[in-house]
Amino acid sequence: MKSDNRGISLVELIASIAILALVSGAILGFFLFSTRQYHKGSSESTVQNEAQMVMGRLENLIINASDGVGTNASGDVLYLFNHEVQNGGGGKTYICRRTTITLNNTTHQLMSSNEDYVMNPGDGSLTLTGSSTPAPIADYMDTEGACATPVFNVNLSKLATEQTVTVTISIKLREQSYSTTNQFVLRNRVSSSTTDSLEEHFKLENIKE
């Protein structure tokens, strides 16, 4: 008997390479599809969780406003007014704080900053005693126009009648975006003024205790 030691032919080699390429392509395609689906699901979960956390932070700030809530003409800046009375050796000190929440379009972050004032118990005048550097309270804020809803919007149309503040935010991560609107009912009865004016919200007769 004679054995065949010729090996595989060129045609057989080419056919084997072609089959291997097809199988490898299918495996790679499945891997890439699975990776894309994973990142998509991860991004969706991240933006929704981020939106919930942002709304939670805003809720804590808004519902505890003791002296008033304001916004600007375009509704993309939120002002919160609070006061506290401190007792010391020299008597009572009336501390007034205005918190400003606004969007940083460069870093896509929602920023919060404070201004503290001391009220003169005689005439109600306010003296600035300090201000904080804006600090982020939310990341992944959507770029302007990428969502159908505004990136950050405050609606105070129901403040006077229902003591309600309506806030809309849009979050975006990679190709995933998520928008939500929440209504917050204030714990404390505040004036119907919606301006950023200190004098409109910090009135001596309301603060002096």
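Visitor: In which order do the strands of the open sheet of three strands stand?

Guide: Strands of a sheet pair through backbone hydrogen bonds, either parallel or antiparallel. In this predicted model, the three strands of an open sheet follow the order β7-β8-β9, and their pairing is antiparallel. Strands here are DSSP runs of E with at least two residues, helices are runs of H or I with at least four, and both are numbered from the N terminus; two strands pair if DSSP finds at least two bridges between them. β7 and β9 (176-185) are at the edges with a single partner strand each, so one side of each has no neighbour in the sheet. From one strand to the next the twist averages 10 degrees, where axes are lines fitted to C-alpha atoms (for helices over the stretch in contact) and angles run from 0 to 180 degrees between N-to-C directions.

Visitor: How many bridges join β8 and β9?

Guide: β8 and β9 are joined in the antiparallel sense by 10 bridges. Within this pairing, Ile-169 has Thr-180 in β9 as its bridge partner.

Visitor: What lies between β4 and β5 in their hairpin?

Guide: Six residues separate β4 from β5 in the hairpin, and Gly-124 in the turn has a positive phi of about 80 degrees. Strand β4 (residues 109-119) pairs with strand β5 (residues 126-131) over five bridges in the antiparallel sense. Tyr-117 has Leu-128 in β5 as its bridge partner.

Visitor: Which residues touch the most other members of the largest nonpolar core?

Guide: In soluble globular proteins, nonpolar side chains tend to be buried together. A nonpolar core is a set of buried Ala, Val, Leu, Ile, Met, Phe, Trp, Tyr and Cys residues joined through side-chain atoms within 4.5 Å; buried means under 20% relative accessible area, exposed over 50%, and partly exposed in between (1.4 Å probe, protein chains only). Here the largest core has 30 residues, of which Leu-58, Leu-110, Phe-152 and Ile-169 touch the most other members. Two or more residues come from each of α1, β2 (77-88), β3 (91-104), β6 (135-138), β7 (152-155) and β8 (164-173). The largest share, seven residues, is that of α1. Another core, of 11 residues, lies apart from it and includes Phe-81, Tyr-94, Leu-204 and Ile-207.

Visitor: Is Thr-71 buried or exposed?

Guide: Thr-71 counts as buried because its relative accessibility is 15%. Thr-71 belongs to strand β1 (residues 68-71). Its contacts (heavy atoms within 4.5 Å) beyond four places in sequence include Asp-76, Val-154 and Thr-194.

Visitor: Where is confidence lowest and highest in the protein chain?

Guide: Where pLDDT is low, the predicted coordinates should not be read in detail. pLDDT is the predictor's confidence in each residue, from 0 to 100. The chain has a mean pLDDT of 84, with 84% of its residues at 70 or more. Helix α1 (residues 10-63) has the lowest confidence, a mean of 77, and β5 the highest, at 96.

Methods:
Residues are numbered from 1 along each chain as its sequence is written. Side-chain values use heavy atoms; hydrogens and water are left out.
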